[in-house]
Amino acid sequence: FGIHALLIVTVTLSPATAPAQSEKSTSGDVYPPLWDLAPENLLDFLVKDNKIVINAWNYQERLGVYKNLLNSSAKYFTAFGSQNFGNILWGLPLQHGWQFRTGRLADPSGVTSCGYEDGDLLCISVRSWWSCMNYYLAIIPFLGAVEAGLFGQLQYEIEILPPEEQRADFCYSVADCRSRIPKLMDEWKAYFEVNNFTFFFIFSVSPATFSSFKLDDALCLMWRAHVSSIAYALPKFQDSLKYLSDPEASFGEDWANAVDFIAATHFSTDLQNINNFQAFLPQRMLIEGDVLPSISDFSPQQNRVLLSLRALHKANQLTGGLLLKLWQKAMSTEAGRKMGRKLIEDLASS
């Protein structure tokens with residue numbers, strides 16, 4: 001069954017035309033936009049009434065949440081490259097940066113100027129499907145890390161400011177999220193706690209045994225929490241898709257579906273891997289009239305990646321989710337996962 005699933009996914013993702021030449025991102029900047037300006041310490045956020053107050057509806061502040069997670073977990077990844085580049089949390093802020101750069105965090109209904117250059121560019125709209133989904137991949141991991149003790153004993157409580165509407169769709173503190181979404185909090189907390197435990201246990205034995213920090217185990221826990229966040233948020237924000245064009249809404253759902261397949265391979269979400277992969281995601285929002293695989297201002301590879309995501313989603317729907325189950329079975333061994341990762345890398349680079 002496992003090999004069968006691999007074959008189906010390989011056929012689904014295979015290029016219909018001759019492979020295009022590899023195309024590198026021209027930005028030259030490996031970090032998310034405005035990374036240098038984001039708060040890098042929890043005390044860089046507003047401190048008021050004995051609380052650290054974070055505005056998660058401002059791009060720079062939400063980015064600061066990620067920056068604090070990256071900085072505080074850096075010590076676990078020193079064996080995986082310099083400058084914290086090997087940290088597997090990079091996937092989250094880089095994806096958020098792509099959303100910001102491509103206009104996906106702005107108000108898609110056009111009612112407000114939130115997220116637009118002629119309005120409040122740094123504003124994150126609660127009407128954006130992308131920004132609401134991302135909340136569960138930013139604030140929930142962060143609060144899970146706070147609860148797990150990643151930041152040590154904090155002298156202040158953390159409070160997240162609510163959006164102007166849809167307040168009931170989110171939670172705003174460790175206690176609030178713990179009472180509303182305990183299972184999701186548990187999964188993110190488990191990721192950060194295992195990293196803590198592994199780090200202290202290894203170093204209390206011998207620094208030379210650092211290699212026993214198994215990156216694959218960390219990736220397994222991180223992806224499990226990541227997939228759970230999406231599974232929880234997807235039905236909650238289904239209604240927000242109505243603000244998007246049909247091609248963009250389809251792409252959003254295709255992308256959410258693809259994450260399940262990527263997660264099963266324990267794909268490493270370090271800085272270089274994610275930057276390489278994101279070069280093939282669309283550089284703007286899709287609009288009515290965009291037809292795959294012939295969107296003229298997208299590269300052949302971008303067209304191909306989007307078409308592959310569409311085909312994978314359709315194939316999974318047609319099999320009632322069986323394709324994903326077979327794929328997960330194929331990915332249950334390290335040898336299978338290696339093949340799966342190779343398939344993903346080939347898709348993005350051929």
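How many helices and how many strands are there in the protein chain? There are 13 helices and three strands. Good morning, and thank you for coming. What I present today is a predicted model, and every value I mention has been computed from it.

I begin with confidence. The average pLDDT of the protein chain is 89, and 86% of the residues reach at least 70. One stretch to treat with care is residues 15–28, where the pLDDT is below 50; beyond near neighbours in sequence, that stretch has 13 contacts in the model. Another is residues 200–212, where pLDDT also stays under 50. For residues 200–212 the model has ten contacts beyond four places in sequence.

Next, the chain as a whole. It has 350 residues, of which 52% count as buried. If we take contacts between residues at least 6 apart in sequence, 73% of them join residues at least 24 apart.

Let us now turn to the interior. In soluble globular proteins, nonpolar side chains tend to be buried together. In this model, the largest nonpolar core has 90 residues. Which residues have the most contacts inside this core? They are Tyr135, Ile140 and Phe142. Apart from this core lies another, of ten residues, among them Ala264, Ala315, Ala330 and Met331.

Ile140 deserves a moment of its own. Setting aside neighbours within four places in sequence, Ile140 is in contact with Tyr135, Cys171, Cys177, Ile181, Leu184, Met185 and Trp188. The C-alpha atoms of Arg224 and Trp188 are separated by 8.7 Å, although the two residues are 36 residues apart along the chain. Arg224 belongs to helix H8. Its relative accessible area is 45%, so Arg224 is classed as partly exposed.

Helix H8 also leads us to Phe237. This residue lies in the loop between helix H8, residues 215–236, and helix H9, residues 246–264. Is Phe237 buried or exposed? Phe237 is buried, because its relative accessible area is 0%, and the cut-off for buried is under 20%. Leaving out residues up to four places away in sequence, Phe237 touches Trp129, Cys132, Met133, Tyr136, Gln166, Asp169 and Phe170. Take Met133 from that list: Phe237 and Met133 are 104 residues apart along the chain, yet their C-alpha atoms are separated by 7.3 Å.

I move on to empty space inside the model. Rolling a probe the size of a water molecule over the atoms shows where empty space is left. A search of the whole structure finds two cavities of 30 Å³ or more. The largest cavity has a volume of about 380 Å³. Its lining consists of 24 residues, and those nearest its centre are Gln95, Leu137, His226, Trp255 and Val259. Which helix gives the most to this lining? Helix H9 does, with five residues. Helices H3, H4, H8, H9 and H10 each supply at least two residues of the lining. By class, the lining of the largest cavity has 16 nonpolar residues, eight polar residues and no charged residues.

Finally, I wish to point out some details of the backbone. The peptide bond from Leu292 to Pro293 is cis, with omega near 5°. Pro293 lies in the loop between helix H10, residues 271–278, and helix H11, residues 300–318.

Two residues have a positive phi without being glycine. Asp49 has a phi near 50° and sits in the loop between strand S1, residues 46–48, and strand S2, residues 51–54. Asn84 has a phi of about 65°, and its place is in the loop between helix H2, residues 59–73, and helix H3, residues 91–101. What is the relative accessible area of Asp49? It is 67%, so Asp49 is exposed. Asn84, by contrast, has a relative accessibility of 15% and therefore counts as buried.

That concludes my presentation, and I thank you for your attention.

Conventions. Residues numbered from 1 in each chain as written. Predicted model: local features only at pLDDT ≥ 70, side-chain atom pairs only at ≥ 80, totals over all residues. Heavy atoms only, no water. pLDDT = per-residue confidence, 0-100. Contact = heavy atoms within 4.5 Å. Helix = DSSP H or I, 4+ residues; strand = E, 2+ residues; numbered from the N terminus. Buried < 20%, exposed > 50% of the residue type's maximum accessible area, 1.4 Å probe, protein only. Core = buried A, V, L, I, M, F, W, Y, C linked by side-chain atoms within 4.5 Å. 1 Å grid on protein atoms, 1.4 Å probe; cavity = no way out; pocket = protein on both sides within 12 Å on 5 of 7 lines; lining within 4 Å. Points joined across faces, edges and corners; volume = space filled by probe spheres on them. Nonpolar A, V, L, I, M, F, W, Y, C, P; charged D, E, K, R; others polar.
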